[in-house]
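Hi,

Here is the structure I promised to pass on. Have a look at it first, and then read my notes below.

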Amino acid sequence: MNPPFPPLTLGDIFEKTFSLIGKTFFRNLCIAVLILLFPIILMAIATDDFYSSLADMKDTIHQVQSEPSLDMILPILSTLSFFLLATFVFALGVLFAEIAISIVVSREILSHPITFSDALSEMFNLKWLYGIGQAVLKYSIFIGGIIIIGIILAIFAALSKMLMGLMVVLCLLALIPVIVYIGLKWYFSLIAIAVDDLTVIESLRASWYLVEGYWWRTFGILLLLSILTQFAISIVSLPITFGSMWDVYKEYFTMLGKTGGNINPEMLKNLEKSFGPGIAIGSGISALLSLLVTPVYTVVLYYDLRARGNTGTTIQQNPAVVQDGSQEPIDLGQF
Amino acid sequence: MDHLNEESLERTPPIFDGSWERAHRNITTAAFLGLIITGVVYFYAQTIITGILFFLNISGTQEIIKGKTFIEQISHTMTVLKNPLRYSLIVSQFLFMLLPIVWIIKRWHTIHVLSYVRIARIPLLELVVAVAATVCFVPVSGSISEFFVTKLNIPDFLAQVHAQIFTSYSSQELLWLIVVVCITPAVCEEMLFRGYVQRTLERTLGMKSVFITGIIFGLYHMQPLNLISLSCLGILIGYFYYRSKSLVPCIFAHFTNNLLAVLSLYKTQHEQTVFRVFDFEITFLGGIAALLLTGTLVFLYYQITKKNFVKQFG
């Protein structure tokens with residue numbers, strides 16, 4: 001299949017991204033809100049619980065004047081697990097929304113616009129599972145690598161402490177570029193699943209070869225786009241985050257006024273208890289805003305890279321997508 | 001120089017020969033992209049400059065503030081840091097806000113920068129009415145901000161510490177502050193927001209550009225409590241730009257707004273206010289009266305610009 005557009009310049013990428021954000025804004029917003037609403041509420045409750053139990057534990061320790069016991073730690077552990085569960089649900093929500101938004105954007109590029117509900121049903125038709133699969137595989141490989149390095153370090157530690165110190169520095173120096181290199185090579189795997197209906201392994205392979213020969217270019221453009229996006233998001237989300245933490249700030253300033261600025265840590269305990277929802281809502285809103293932009297430029301870059309490497313092999317797609325007429329088997333270029 | 005004068009002072013449309021224009025790219029995208037790029041450069045550069053100046057100046061103060069109360073500590077730190085902050089503001093605005101936007105206009109749109117941003121002559125009456133409307137709007141914006149400050153229970157001492165950067169205690173310091181706080185933002189911010197963003201958005205969005213740029217102006221200051229008042233001020237100044245097709249009334253209006261704030265914080269060595277600018281409690285009715293007066297002057301501005309007003313797209 002011919003790519004929807006020829007290789008793009010940086011200016012073209014910006015222009016396409018802005019134009020697509022405008023064209024798909026409301027559909028993408030519906031998807032992001034529908035998927036993230038529940039996880040954001042869950043996160044707010046979990047963060048609130050976690051901060052409250054943390055403040056309670058500190059209070060108990062202060063009153064009893066003893067070391068923390070198991071009875072004191074258990075409530076914290078239970079709220080911590082709830083918090084981790086909520087974070088996991090939130091991360092899943094972001095992943096699902098990213099797939100669905102990528103579908104909307106890619107169809108818009110291919111001049112076959114679809115509704116947000118169609119994009120959601122397409123996402124829930126196996127793509128969500130492949131999305132989880134590629135994330136699990138990617139992170140397992142990264143974590144596995146780190147564990148192997150940890151074992152090697154432990155062996156060196158057994159031999160000599162100085163040797164271990166040297167190895168830690170060397171490993172860190174080597175590990176960061178390796179993770180960045182591989183991370184970028186696999187950056188487009190989720191988009192490959194969303195757009196081209198590839199399986200887990202195929203998507204990782206597709207992303208790897210897509211970036212081949214364009215690593216630095218892709219790295220530079222992604223870095224630039226993410227800096228610009230984060231700045232724009234922070235400008236917009238600052239008043240929202242501030243508003244969501246209004247009560248916390250009010251309480252804090254009231255305390256400052258009453259004490260002439262000399263607040264002792266005891267007084268901050270109540271404040272700590274009310275931190276949670278504000279933080280969760282603030283980060284939820286930021287994630288939501290980010291979802292309206294990040295998948296858009298990632299899909300544009302994906303098609304740009306496909307246009308650049310369009311030379312050969314074809315990977316078979318899910319026949320359902322081909323029959324649908326919205327897409328044909330894709331020429332994956334150098335794969 | 002003659003070329004510059006001729007070109008800049010007349011309301012002649014520039015020739016769009018920059019790379020963005022030649023490629024017939026989307027103009028709205030250019031406005032937002034230019035704004036974000038300049039914003040990133042400005043905020044990162046200002047953070048770095050302030051950080052460096054902070055560390056260069058703060059080291060000596062650690063010993064002095066030991067054992068002092070919280071208020072004394074932040075007050076002293078602010079006294080030490082107010083000049084570095086003023087330097088960083090002036091340097092950042094000229095180097096990292098004005099220069100990038102001039103570069104973007106030259107590269108993307110036209111080499112005739114002054115003509116693009118519309119540095120154009122306007123009748124004196126237009127200028128006077130714009131400044132008068134801004135003066136009338138100051139109590140309105142002040143009371144909006146004050147409303148949020150009161151609702152949030154921000155203590156007076158904290159507000160005073162924050163105001164230290166804009167407070168002057170001698171005529172030399174006042175003059176220096178006028179350069180830093182009044183002239184610099186009036187020129188640099190107006191070039192960015194009205195001269196570039198609104199000018200570019202106006203080409204495709206017309207009157208809507210006034211409101212969009214006004215809200216962006218409020219958001220860009222990153223002061224949640226002043227968001228509404230700054231956005232309203234941005235819309236007011238944007239309206240002058242839209243009607244007059246000149247940046248001059250905007251620069252004067254912005255200058256006036258900041259000047260009133262600086263003058264109200266000009267004090268003697270004994271903390272006595274020299275100019276009592278709006279030094280009274282603004283009542284609800286007073287606020288409404290100021291708002292009505294502003295509205296009347298805006299209507300007057302509409303009337304006096306009617307003759308020369310061109311609904312310009314492009």
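Two residues count as in contact if their C-beta atoms, placed from the backbone, lie within 7 Å. Before you start: this is a predicted model, where local features need pLDDT of at least 70 and side-chain atom pairs count only at pLDDT 80 or more, while totals for chains, interfaces and linings use all residues. Residues are numbered from 1 along each chain as its sequence is written, and chains are lettered from A and ligands numbered from 1 in the order in which they are written.

First, the place where the chains meet. Chain A puts 23 residues into the contact and chain B puts in 25. On the chain B side, helix 3 (27–58), helix 5 (70–109), helix 8 (156–163) and helix 10 (208–220) each supply at least two residues; helices are DSSP runs (H or I, at least four residues), numbered from the N terminus. Helix 3 of chain B gives the largest share of that side, 8 residues.

Next, the inside. The largest nonpolar core has 68 residues, and I101(B), A133(B), L192(B), V197(B) and F240(B) have the most contacts inside it. Such a core is a set of buried Ala, Val, Leu, Ile, Met, Phe, Trp, Tyr and Cys residues joined through C-beta atoms within 7 Å, where buried means that 20 or more other C-beta atoms lie within 10 Å of a residue's own. Helix 9 (residues 171–205) of chain B gives the most to this core, 12 residues. Apart from this core lies another, of 61 residues, with A46(A) and L120(A) among them.

Cheers

Notes
A residue is buried if 20 or more other C-beta atoms lie within 10 Å of its own, exposed if 12 or fewer, and partly exposed in between; C-beta atoms are placed from the backbone.
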